[in-house]
Amino acid sequence: MVYDDESCKKNCELRGHDHVIETLAFLTCAPPSKSSKDSGTKITSEERRRKDKNRDYLASGSRDRTVKLWSVKAASCLMSFEAHENWVRGV
């Protein structure tokens, strides 16, 4: 289950692994502001907050030897990577 970290309300429930999930990682997709993109400077605190709020995708690794890429907004699995020979402990 994915919860909103501010309201603590359930966003969605993602099901698909056949065994214990060992690892999770949110993938943020907020574009950088024009100023940091052009200047090559470090990310600003506002950009960090904006990226943290924009958690569109989630990657999960499991003891079922798969990595799954999820759309949090659509509450669905976009891809499943099944070529691992052992448990997946990091994404």
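Buried means under 20% relative accessible area, exposed means over 50%, and partly exposed lies in between (1.4 Å probe, protein chains only). By that rule, Tyr57 is partly exposed, at 30% relative accessibility.

**Before you start**

This is a predicted model: local features need pLDDT of at least 70, side-chain atom pairs count only at pLDDT 80 or more, and totals for chains, interfaces and linings use all residues. Numbering starts from 1 along each chain as its sequence is written, and side-chain values use heavy atoms, with hydrogens and water left out.

**Stop 1: the whole chain**

Show the protein chain as a cartoon. Two helices and six strands make up its secondary structure. Helices (H or I, at least four residues) and strands (E, at least two) are DSSP runs, numbered from the N terminus. Trace the order from that end: β-β-β-α-α-β-β-β.

Now colour by burial. Of the 91 residues in the protein chain, 25% are buried. The accessible surface comes to about 6,700 Å², and 49% of it belongs to carbon and sulfur atoms. These areas come from the Shrake-Rupley method with a 1.4 Å probe; for residues, only the protein chains shown count as cover.

Next, consider contacts, meaning heavy atoms within 4.5 Å. Among contacts between residues at least 6 apart in sequence, 51% join residues at least 24 apart.

**Stop 2: the nonpolar patch**

Select Leu27, Tyr57, Leu78, Met79 and Phe81. Together they form a nonpolar patch on the surface, with about 430 Å² of accessible area. Patches are made of residues with over 30% relative accessible area and no salt bridge; like charges are joined within 9 Å, and nonpolar side chains (Val, Leu, Ile, Met, Phe, Trp, Tyr) within 5 Å.

Which strand gives the most to the nonpolar patch? Strand 6 (residues 76-81) does, with three residues. Tyr57 comes from strand 4 (residues 57-62).

**Stop 3: salt bridges**

The whole structure holds four salt bridges. The rule asks for a side-chain nitrogen of Lys or Arg within 4 Å of a carboxyl oxygen of Asp or Glu. Side chains of opposite charge can pair when their charged atoms come close.

Select Lys10, Glu13 and Arg15. Salt bridges link these residues in a network. Start from Glu13, which is partly exposed at 30% relative accessible area.

- Glu13 to Lys10: the closest N and O atoms are 3.3 Å apart. Lys10 is partly exposed, at 46%.
- Glu13 to Arg15: the closest N and O atoms are 2.6 Å apart. Arg15 is exposed, at 68%.

Move to Asp56 and Lys73. Their salt bridge has its closest N and O atoms 3.6 Å apart. This pair links distant parts of the chain, 17 residues apart: Asp56 sits in the loop between helix 2 (45-53) and strand 4, and Lys73 in the loop between strand 5 (67-71) and strand 6. Lys73 is exposed, with 70%.

**Stop 4: a charge over a ring**

Select Arg63 and Trp87. The charged end of Arg63 sits over the Trp87 ring, 4.1 Å from its centre. The test is NZ of Lys or CZ of Arg within 6 Å of the ring centre and within 35 degrees of the ring normal.

**Stop 5: Asp64**

Step along to Asp64, in the loop between strand 4 and strand 5. Asp64 is buried, with a relative accessible area of 17%. What is Asp64 in contact with, leaving aside its neighbours within four places in sequence? His17, Asp18 and His19. Asp64 and Glu82 are 18 residues apart in sequence, and their C-alpha atoms are 8.8 Å apart in space.

**Stop 6**

Most residues other than glycine have a negative phi. Check two residues against that.

Arg65 has a positive phi, near 70 degrees, and is not a glycine. Arg65 lies in the loop between strand 4 and strand 5. At 42% relative accessibility, Arg65 is partly exposed.

Finish at Ala75. Its phi is also positive, about 55 degrees, although Ala75 is not a glycine. Ala75 is in the loop between strand 5 and strand 6. With a relative accessible area of 35%, Ala75 is partly exposed.
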